[in-house]
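Dear colleague,

I am handing over the structure below, and my notes on it follow. Please read them with the model open beside you.

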Amino acid sequence: MLKGRGLEVASNRPLRDGGTTTYEGGIRVPCLVRWRSRLPAGCVCAEPPTAMDVLPQDLGAAGEPWPTDRVLDGRDPVPVLAGEAPSALTFLYFEYGRFSAVRAGPYKLVRPSPAGPAELYDLRSDLGETRDLAAVDLERVATLKRAQRDWLSALRADEGR
């Protein structure tokens with residue numbers, strides 16, 4: 001339960017917070033994939049897929065071509081899941097209500113409010129997002145803020161099409 005929010009969400013310990021935030025407890029969801037003829041049993045992939053990867057994955061599994069009349073934001077994650085290729089993702093972006101975040105590799109910049117300070121976490125060593133590194137890694141904060149700003153600008157430009 002989140003403070004002041006009643007029974008809206010449950011605990012996702014050791015992850016921080018829950019369902020209506022961009023902390024790991026609100027965005028990290030287990031993903032189980034089974035494809036006997038393609039993926040080895042029992043493998044664990046640490047690369048984060050996204051919901052946008054489902055359609056490209058399904059198209060690839062069905063042997064169908066990607067549509068040429070629209071942009072698909074996702075990528076087929078099967079080579080990554082099979083351990084054949086590293087993730088092609090440079091950044092992952094999250095926005096929910098007043099919360100936003102951007103992730104690059106293990107680093108994640110969280111904005112709990114639009115006007116408030118940004119928080120930086122290294123998810124390799126701090127999955128619970130308890131140690132804010134923003135004050136000691138100003139260059140990474142600036143890079144992630146710039147990436148997030150550019151992403152939001154591209155989204156707004158695309159809304160008018």
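Which side chain meets that of Glu24 in a salt bridge with an N to O distance of 2.7 Å? In this model, which is a predicted one, the partner is Lys108, whose side chain and that of Glu24 form the salt bridge in question.

Arg28, at 38% relative accessibility, counts as partly exposed. These contacts belong to a network of salt bridges in which Glu24, Arg28, Lys108 and Glu129 are linked. The count for the model comes to 10 salt bridges.

Helix 1 also holds Gly26, which is partly exposed, with a relative accessible area of 22%. Leaving aside residues up to four places away in sequence, Gly26 touches Arg16, Gly18, Gly19 and Thr21. The C-alpha atom of Gly26 lies 8.2 Å from that of Asn12, a residue 14 positions away along the chain.

Turning to the sheet, 4 strands form an open arrangement in the order 1-2-3-4, with antiparallel pairing. Strand 1 (92-96) and strand 4 (119-122) stand at the edges, and because each has a single partner strand, one side of each is left without a neighbour in the sheet. From one strand to the next the twist averages 15°. Strand 3 (residues 107-111) pairs with strand 4 in the antiparallel sense over 4 bridges, and Tyr107 stands opposite Asp122 of strand 4. Helix 4 (residues 138-159) packs on this sheet and touches strand 1, strand 2 (99-104), strand 3 and strand 4, while its direction makes about 65° with that of strand 3.

Which salt bridge does Glu119 form? Its partner is Arg16, and the closest N and O atoms of the two are 3.8 Å apart. This pair, too, links distant parts of the chain, with Glu119 in strand 4 and Arg16 in the segment before helix 1 (24-27), 103 residues apart. Glu119 counts as buried, at 14% relative accessibility, whereas Arg16 is partly exposed, with a relative accessible area of 24%.

The other residue is Arg111, which has its place in strand 3. Arg111 is buried yet has no salt bridge, and the nearest side chain of opposite charge, that of Glu119, is 8.5 Å away. Side chains of opposite charge can pair when their charged atoms come close. The side chain of Arg111 instead reaches the backbone oxygen of Gly116, at 3.0 Å. Not counting residues up to four places away in sequence, Arg111 touches Arg98, Phe99, Ser100, Gly116, Pro117, Ala118, Lys145 and Gln148.

With kind regards

Key. Residues numbered from 1 in each chain as written. Predicted model: local features only at pLDDT ≥ 70, side-chain atom pairs only at ≥ 80, totals over all residues. Heavy atoms only, no water. Pairing = 2+ DSSP bridges. Helix = DSSP H or I, 4+ residues; strand = E, 2+ residues; numbered from the N terminus. Axes fitted to C-alpha atoms, helices over the stretch in contact; angles between N-to-C directions. Contact = heavy atoms within 4.5 Å. Buried < 20%, exposed > 50% of the residue type's maximum accessible area, 1.4 Å probe, protein only. Lys, Arg positive; Asp, Glu negative; His and termini not counted. Salt bridge = Lys/Arg side-chain N within 4 Å of Asp/Glu carboxyl O. Polar contact = N/O pair within 3.5 Å; in protein donor to acceptor, adjacent residues only side chain to side chain.
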